[in-house]
Amino acid sequence: MGRIVIGVKDVSVIPREQAKELLKKLRLKPWQLPWIRASDPLVKYAGARPGDILKIVEEFPTAEEVVCYRLVVPG
Amino acid sequence: MMSRQELLAKLLNLLPKPLYRELESAIRDLSDEKALQLVYRVLKSYISSLIDPGEAIGIVTAQSIGEPSTQMVLRSFHYAGLKEFSMAKGLPRMVEIVDARRAPSIPLMYVYLKPPHNKSRDAAESVAKKIQQVTVNAVAREVDVDYLAGTITITLDSEQLKYRGLSVEDVRRAVSKIRGRDLSVAVQDCSITIMLNTPDILKLRKVRDKVLNTRISGIRGVKKVVIQYDSTNNEWFIITEGTNLEAVLQLEEVDKTRTYSNNLHEVEEVLGIEAAKALIAREIKRVLDEQGLDVDIRHMYLVADAMTWSGRVRPIGRHGVVRAKESPLARAAFEVTVKTLLEAAMRGEPEHFKGVVESIIAGKYTPIGTGMVRLLMQL
C-alpha cells in the first residue's frame, strides 16, 4: 500500500450500512468517534460529506499500520 | 484441525503485521504440532500484553513522558550548540508542540524529492534554487539612494544573478510589479534606477526597503535552503528555513507523500489532521531521542490523539484539551479555578461526576480499573 501524506496510508468512506454495524460493534454513538472537519484535505480526497465515517489506515511505528475511524463533521 | 493456511489467515487478523511476519517465518519449518504450540504461546503473551479495559493510560503516559523530561532540562546544557543546524531543541521545542503554538520559533520544512531529482546533489540543488526565495537584496551589490534627485540606484551582482539563473530583466519585472507606489523603473547595463514619480524624500527610504525585499524568484517565505544526504534511503533532500508547504507541494519534483514542515497548524491546514497527529507524535519522539531518552512512541501517539480528536490541533491546557472537558469541576481543578466555576455557574452547567478528577473531588470511586464496572442486574 502506498502513502497519501505523512502518517496516512489509505483513506476510504465506509458505506452507511457497514458504518451502522461498526458502531454497534464498538458500542459507540457516531459523535463519540474522533472527528475530522469537512474542510480537511483527506475528506476532500476521499470525497466524503459530513455525517460519513472515514476509515483511515495510519502508519504506526510499532504495528506498521493502525486503523482509525473518524466522523466527518461540518467545519 | 485447521489447515496451516486457515491458521495463518486467522492470525493475520489477530496480530500486528510485524509480529505476524515473524511468527510466520518461525513456524515455516516446524511440524504442525510444534507450530501450534508456538502459535499458542505467542498469542497468549500477545493478548496478555494488551492494555486492559479501564487501565489509566493517560496517567501512565504523563509519567512516562514527564519523568525523562526532567532529565532533559539538565542535560540540554551539554548538548547545546553541538549540531550545525539551528533547530529548536529540548524542552523549548517540547513546550512548543504541546502548546500547539501558532508558529514554531524556527520554522523548518523537510522537502523530499521524487526520483531522479533525489539521486544527486546537483539535481537536488537545482530544485532547491527553485524553492529558495531570492530578493533584490540578495543579488544587489550596491544600493545608492539619491535624496536630491529622488532616485534609488541598485547595482546588481552579475555573478549572483548568473548563479541563481536570473537576468537583469527578471529583476526589472519584479520591481516594476510593486504595487501601491507610483514608480518608474529604468535599466542600464547591470544597474536599475528607480524613480518616484511624485518626489518625496520621506518615502524614499520606505521604497528602498520595499524594493530590496521584493521577491524575484523562489517561494515566498523560504529564507534558507540546505541540501542534506540521507544515507539510509540513499537520497538527497532539502531542509528549508521558513515554510510554505502549499507552494512547495505544487512543484512537480516534490514528493508530496513525504514532504512536511514542523509547523503543526500549517500541516493541519495543508495535509490534514491525520498528518498533524503523526507529526506531533514524531516531533515529541525526536526531541526525546535527541536527548538520549527512550520513551515508547505509543505514549506520544496518545498525546497526539488527545490533541487532535476534535479535528483541529488543540493545545494541552486550559485553552485546549482541558477546556473541552465536560465536567466543570474537572476544568476548575486544572487552572483559574474561580473564573471557571463562576462561568460554569452562570451557564448552569450540570456536573455528572463521570470523570476521574470530579469523582476524586466528590470522594467517589473513579471510573478506572475495577471502578469502571457497574452492576446492571438488580439484586
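In this predicted model, helix 5 and helix 13 of chain B cross in a left-handed sense. Helix 5 covers residues 90-98 and helix 13 covers residues 273-290, and their axes come within 9 Å and cross at roughly 165°. An angle over 145 degrees counts as roughly antiparallel, so helix 5 of chain B is roughly antiparallel to helix 13 of chain B. On the side of helix 5, the contact is made by G90(B), R93(B), M94(B) and I97(B). Helix 13 contributes I280(B), E283(B), I284(B), V287(B) and L288(B).

Helix 13 of chain B also packs with helix 12 of chain B, at an angle of about 150° and with the axes 7 Å apart. These two helices are therefore roughly antiparallel to each other, and their crossing is right-handed. From helix 12, the residues L264(B), V267(B), E268(B) and L271(B) meet I273(B), A275(B), A276(B), L279(B) and I280(B) of helix 13.

E268(B) belongs to helix 12, which spans residues 264-271 of chain B. With 6% relative accessibility, E268(B) counts as buried. Neighbours within four places in sequence left aside, the contacts of E268(B) in chain B are I273(B), A276(B), G311(B), R312(B) and V313(B). In chain A, E268(B) is in contact with R37(A), D40(A) and P41(A).

Another helix pair is formed by helix 2 (residues 17-27) and helix 3 (residues 32-48) of chain B. Helix 2 and helix 3 pack at about 160° with their axes 10 Å apart, which makes them roughly antiparallel. Helix 2 of chain B passes helix 3 of chain B in a right-handed crossing. Here L19(B), L23(B), A26(B) and I27(B) of helix 2 make the contact with A35(B), L38(B), V39(B), V42(B) and Y46(B) of helix 3.

| Helix pair | Angle between axes | Distance between axes |
|---|---|---|
| Helix 5 and helix 13 of chain B | roughly 165° | within 9 Å |
| Helix 12 and helix 13 of chain B | about 150° | 7 Å |
| Helix 2 and helix 3 of chain B | about 160° | 10 Å |

Aromatic rings are the next topic. Over all chains, a search of the whole structure finds five aromatic pairs. One of them is the stacked pair of Y112(B) and F237(B), with 4.9 Å centre to centre and 15° between the planes. Y112(B) lies in the loop between strand 1 (108-111) and helix 6 (121-131) of chain B, while F237(B) lies in strand 9 (residues 235-241) of chain B, so the pair ties together parts that are 125 residues apart in sequence. Y112(B) is buried at 14% relative accessibility, and F237(B) is buried with a relative accessible area of 8%.

Y229(B) and W236(B) form a tilted pair, with 4.9 Å centre to centre and 50° between the planes. Y229(B) is partly exposed, at 41% relative accessible area, whereas W236(B) is buried, at 18%.

Rings also take part in arrangements with charged side chains. The charged end of K129(B) sits over the ring of Y163(B), at 4.7 Å from the ring centre.

Note on methods:
Residues are numbered from 1 along each chain as its sequence is written. Chains are lettered from A and ligands numbered from 1 in the order in which they are written. This is a predicted model: local features need pLDDT of at least 70, side-chain atom pairs count only at pLDDT 80 or more; totals for chains, interfaces and linings use all residues. Side-chain values use heavy atoms; hydrogens and water are left out. Rings of Phe, Tyr and Trp (its six-membered ring) pair if their centres lie within 6.5 Å; planes under 30 degrees apart count as stacked, over 60 as edge-to-face and the rest as tilted. Helices (H or I, at least four residues) and strands (E, at least two) are DSSP runs, numbered from the N terminus. Buried means under 20% relative accessible area, exposed over 50%, partly exposed in between (1.4 Å probe, protein chains only). A charge sits over a ring if NZ of Lys or CZ of Arg is within 6 Å of the ring centre and within 35 degrees of the ring normal. Axes are lines fitted to C-alpha atoms, for helices over the stretch in contact, and angles run from 0 to 180 degrees between N-to-C directions. Angles under 35 degrees count as roughly parallel, over 145 as roughly antiparallel, 65 to 115 as roughly perpendicular and the rest as oblique. A crossing is left-handed if the near helix is turned anticlockwise from the far one by less than a right angle, and right-handed if clockwise. Contact means heavy atoms within 4.5 Å.
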